[in-house]
Amino acid sequence: MILAGGSGTRVGAGMNKALLPLAGIALVAHSVRTALEVDGVHRIVLVVRAEDREEMAAAVSPYLGTHDVWMVDGGPARHDSEWQALQLLARDVETEEIDVVAIHDAARPLATATLFRDVLDSAARNGAAIPVVPAGSLSTRDGARVAADLVAVQTPQAFRAPALLAAYRQAAADGFTGTDTAACLERYTALGIAAVPSTSRNLKVTFPEDVALAERLLGR
């Protein structure tokens, strides 16, 4: 599941930032292309804004080969967008065609196929997995230092599909909206969430300078 419904306000694009060019192709195409390199990937769902459907299709279609990508309109919040995509996958989850679901931000175009594979494998073993990097030196508003072992969380994140679907169905029944996928799993399941080491190279394009940095990293 690739989330590509951002507005691009902070990056100053005046458009969906997933459509911004990076090394000659759209950010979202980098993520789709990488996901398709991962052995065992069964289906990709691209979550978009309704007004971006045609441009998204044009951006990713050259990189699909014989693969299909399903497209679905996102909701007002991240949780809603994930639920929209999960409903598309529900039948394949129930028939056990899909056993693990990975969720990735199109705004992280430098995630590698190896990271996808590591997260998927960890989720298959543990139930849920998220890539993390050391958070660095942090402090509270009053200047007190926080624990040195805190980490920053990235995507792709991966979860056993039946548990994920059940959690989101219960959240929909309760009217619960999680801040991220892991929050919903923590509320409705007893699954532990494993941490998978990542690197700062897997940056999220948020501000204009991030595009230039991502270009430089790709050049290496």
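E82 counts as buried, because its relative accessibility is 0% (buried means under 20% relative accessible area, exposed over 50%, and partly exposed in between, with a 1.4 Å probe and protein chains only). The model is predicted: local features need pLDDT of at least 70, side-chain atom pairs count only at pLDDT 80 or more, and totals for chains, interfaces and linings use all residues. Residues are numbered from 1 along each chain as its sequence is written, and side-chain values use heavy atoms, with hydrogens and water left out.

View A. E82 belongs to helix α3 (helices, H or I of at least four residues, and strands, E of at least two, are DSSP runs numbered from the N terminus). The side chain of E82 forms a polar contact of 2.8 Å with the side chain of T181 (a pair of N or O atoms within 3.5 Å; within protein, one must be able to donate a hydrogen and the other to accept it, and residues adjacent in sequence count only if both atoms are side-chain atoms). When residues up to four places away in sequence are not counted, E82 touches M1, L3, I103, Y168 and T181 (contact means heavy atoms within 4.5 Å).

**View B. Packing of helix α3 against helix α5.** The axes of helix α3 (residues 78–94) and helix α5 (residues 161–174) come within 10 Å and cross at roughly 130°. Helix α3 is therefore oblique to α5. (Axes are lines fitted to C-alpha atoms, for helices over the stretch in contact, and angles run from 0 to 180 degrees between N-to-C directions; under 35 degrees counts as roughly parallel, over 145 as roughly antiparallel, 65 to 115 as roughly perpendicular and the rest as oblique.) From α3, the residues H79, E82, W83, L86, A90, V93 and E94 meet A161, P162, L164, L165, Y168, R169, A171 and A172 of α5. The residues of this contact divide into 11 nonpolar, 1 polar and 3 charged (Ala, Val, Leu, Ile, Met, Phe, Trp, Tyr, Cys and Pro count as nonpolar, Asp, Glu, Lys and Arg as charged, and the others, Gly among them, as polar).

**View C. Buried residues of helix α6.** In helix α6 (residues 181–188), the buried residues are T181, A182, A183, C184 and L185. These buried residues pack against α3, β6 (100–105), β9 (157–160) and α5. T181 is also the partner of E82 in the side-chain polar contact shown in View A.

**View D. Packing of helix α1 against helix α2.** Helix α1 (residues 27–36) packs with helix α2 (residues 53–60) at an angle of about 50°, their axes lying 9 Å apart. This makes α1 oblique to α2. V28, A29 and V32 of α1 meet M56, A59 and V60 of α2. The contact of α1 with α2 consists of 6 nonpolar residues, with no polar and no charged ones.

**View E. S198 and its polar partner.** S198 is found in the loop between β10 and α7 (208–219). With a relative accessible area of 18%, S198 is buried. The side chains of S198 and Q154 are joined by a polar contact of 2.6 Å. Apart from residues up to four places away in sequence, S198 touches L115, P131, V132, V133 and Q154.

View F. T155 and P156 are joined by a cis peptide bond, with omega about 10°. P156 is placed in the loop between β8 (151–153) and β9.

View G. A23, a residue other than glycine, has a positive phi near 55°. The loop between β2 (21–22) and β3 (25–26) holds A23, which is partly exposed, with a relative accessible area of 48%. E96, also a residue other than glycine, has a positive phi near 65°. E96 lies in the loop between α3 and β6 and counts as exposed at 69% relative accessibility.

View H. D99 is found in the loop between α3 and β6 and is exposed at 56% relative accessibility. Leaving aside neighbours within four places in sequence, D99 is in contact with F159, R160, A161 and P162. A190 lies in the loop between α6 and β10 (194–197), and its relative accessible area of 81% makes A190 exposed. The C-alpha atoms of A190 and G127 are separated by 9.4 Å, with the two residues 63 residues apart along the chain.
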